[in-house]
Amino acid sequence: MILPNMNYTNLKDSYLFFRIAQKVKAYQEQHPGVHLYRMGIGDVSLPLCDAVIKALHEAVDDQSDAARFHGYMPECGAPSLRETIAAYYQGRGVNVTSEEVFVSSGASDELGDILDLFDRSGSSLVIEPAYPAYVDANVMAGRKIIHLASGRENGFLPEPDDASVADLLYICSPNNPTGAVFDREKLQRWVDFANRHGSIILFDAAYEAFISDPALPRSIFEIPGAKTCAIEICSLSKTAGFTGTRLGYTVIPRDLKRNGVSLNDMWVRNRTTKTNGVSYIIQKGAAAVFTAEGQKQIHDNLNIYKKNAAVLMEALDRVNIWYCGGKNSPYIWMRCPEGTDSWSFFDRLLNEIQVIGTPGEGFGACGEGYFRFSTFGNPEDTKEAARRLEKLLRGE
Ligand code: PLP
């Protein structure tokens with residue numbers, strides 16, 4: 001009898017969103033028709049921008065014409081899109097070449113699939129609170145996980161030390177759930193640490209487009225030495241509303257080698273075996289994101305989310321609540337009121353002001369006592385949620 005992958009038995013139930021859904025369902029059953037202010041979701045609410053929609057329509061029409069029809073796409077991505085994404089980096093002064101860019105169906109796929117490149121007996125460091133997929137993908141692969149707790153004392157941006165030595169180091173900046181962003185000096189210390197120990201940083205840059213402070217790095221490859229120790233995983237999901245359309249990209253430098261083997265060559269081999277490329281239609285839609293028109297339109301949308309963030313931050317500032325994130329990130333990570341754990345705070349917000357957020361405990365034990373708000377909701381709901389939250393926090 002074939003045995004299943006028994007590592008799956010080590011997975012913890014992904015109870016965070018399940019438990020939230022249960023609580024919301026119970027509330028709605030008891031209060032039919034009451035409007036809920038959903039500030040918990042990590043999904044976008046604005047539609048794709050016009051430039052992308054136009055390109056998608058054109059691509060569909062191409063598929064109806066024998067002269068313009070596309071069958072299988074190159075496994076690592078359409079050469080023109082790889083060039084376009086490399087140019088997106090170069091435009092910010094980051095030297096990335098097209099052969100270092102791999103087009104993917106999204107960051108989640110890559111965060112799990114990339115583990116194929118590494119010996120299964122190795123260890124992975126996860127900085128917590130963390131996006132839950134890092135831990136789960138490593139549990140499924142049977143890898144040893146080292147949990148590094150972060151907290152308010154280090155602004156949720158921990159420094160590497162002897163306890164953080166691991167083969168793979170997950171760094172997410174801007175961070176989900178805390179919204180914290182590594183500055184150049186702090187990121188340099190992780191890059192130097194990785195190079196010293198022969199580790200590889202898996203840098204999740206899914207929220208890079210939310211960084212508006214030019215002093216903050218949007219790519220790990222802005223940091224000297226990163227090309228010999230890092231892989232960057234990125235996505236158009238939050239940047240351009242592609243959560244349901246699906247496109248991401250991964251950058252693996254040509255200089256990244258371990259044991260004399262090029263990880264870029266290995267990933268070409270992996271992709272040509274395990275995928276048949278991303279749909280022509282979606283790649284054409286994605287290319288439109290990087291045009292001048294597309295960039296303007298996606299930034300108009302990002303500004304709407306940024307205004308939502310400002311509304312929430314102003315409300316928290318007025319009541320003197322500690323939080324991080326929000327400025328260069330779509331997430332706000334606030335301290336729960338004294339003596340309230342994150343699930344009790346969730347219950348209070350739901351029952352008293354009909355606002356839904358995400359309890360910090362769901363992102364790791366050190367997230368207890370904190371609460372995440374997402375700024376991807378619609379502006380009217382966000383304003384009302386902020387008003388209600390401020391009132392509740394004032395004790396009115
Ligand atoms: N990485 C982080 C930190 C995320 O928050 C998310 C989605 O919420 C992803 C990756 C997944 O992105 P994608 O939609 O490209 O799979």
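## Helices that pack against each other

Start with helix H11, residues 342-353, and helix H12, residues 379-393: in this predicted model, their axes come within 11 Å and cross at roughly 115 degrees. Angles from 65 to 115 degrees count as roughly perpendicular, so H11 and H12 are roughly perpendicular to each other. As for handedness, H11 passes H12 in a right-handed crossing.

H1 covers residues 15-30, and its axis sits 11 Å from that of H11, at an angle of about 30 degrees. With under 35 degrees counting as roughly parallel, H1 and H11 are therefore roughly parallel to each other. Their crossing is right-handed.

## A pair running opposite ways

Now look at helix H2 (residues 50-62) and helix H9 (residues 280-289). The two pack with their axes 8 Å apart, and the angle is about 150 degrees. That makes H2 roughly antiparallel to H9, because angles over 145 degrees fall in that class. H2 and H9 make a right-handed crossing.

## Around the ligand

What surrounds the ligand? There are 15 residues around it, and the closest are Ala107, Asp204, Tyr207, Ser235 and Ser237. Sorted by class, this shell has seven nonpolar, five polar and three charged residues.

On its own the ligand has 400 Å² of accessible area, and the protein covers 92% of that. Two elements give two or more residues to the shell, namely helix H4 (107-113) and helix H7 (237-240). H4 gives the most, with three residues.

Proline 129 sits in the loop between strand S3 (123-128) and helix H5 (133-140).

Another cis peptide bond runs from serine 173 to proline 174, with omega near -5 degrees. To find proline 174, go to the loop between strand S5 (168-172) and helix H6 (184-197).

## A positive phi

Which residue has a positive phi although it is not a glycine? Asparagine 259 does, with a phi of about 55 degrees. Look for asparagine 259 in the loop between strand S9 (257-258) and strand S10 (261-262).

Notes: Residues are numbered from 1 along each chain as its sequence is written. This is a predicted model: local features need pLDDT of at least 70, side-chain atom pairs count only at pLDDT 80 or more; totals for chains, interfaces and linings use all residues. Side-chain values use heavy atoms; hydrogens and water are left out. A residue is near a molecule or strand if one of its heavy atoms lies within 4 Å of it. Accessible areas come from the Shrake-Rupley method with a 1.4 Å probe; for residues, only the protein chains shown count as cover. Helices (H or I, at least four residues) and strands (E, at least two) are DSSP runs, numbered from the N terminus. Ala, Val, Leu, Ile, Met, Phe, Trp, Tyr, Cys and Pro count as nonpolar, Asp, Glu, Lys and Arg as charged, and the others, Gly among them, as polar. Axes are lines fitted to C-alpha atoms, for helices over the stretch in contact, and angles run from 0 to 180 degrees between N-to-C directions. A crossing is left-handed if the near helix is turned anticlockwise from the far one by less than a right angle, and right-handed if clockwise.
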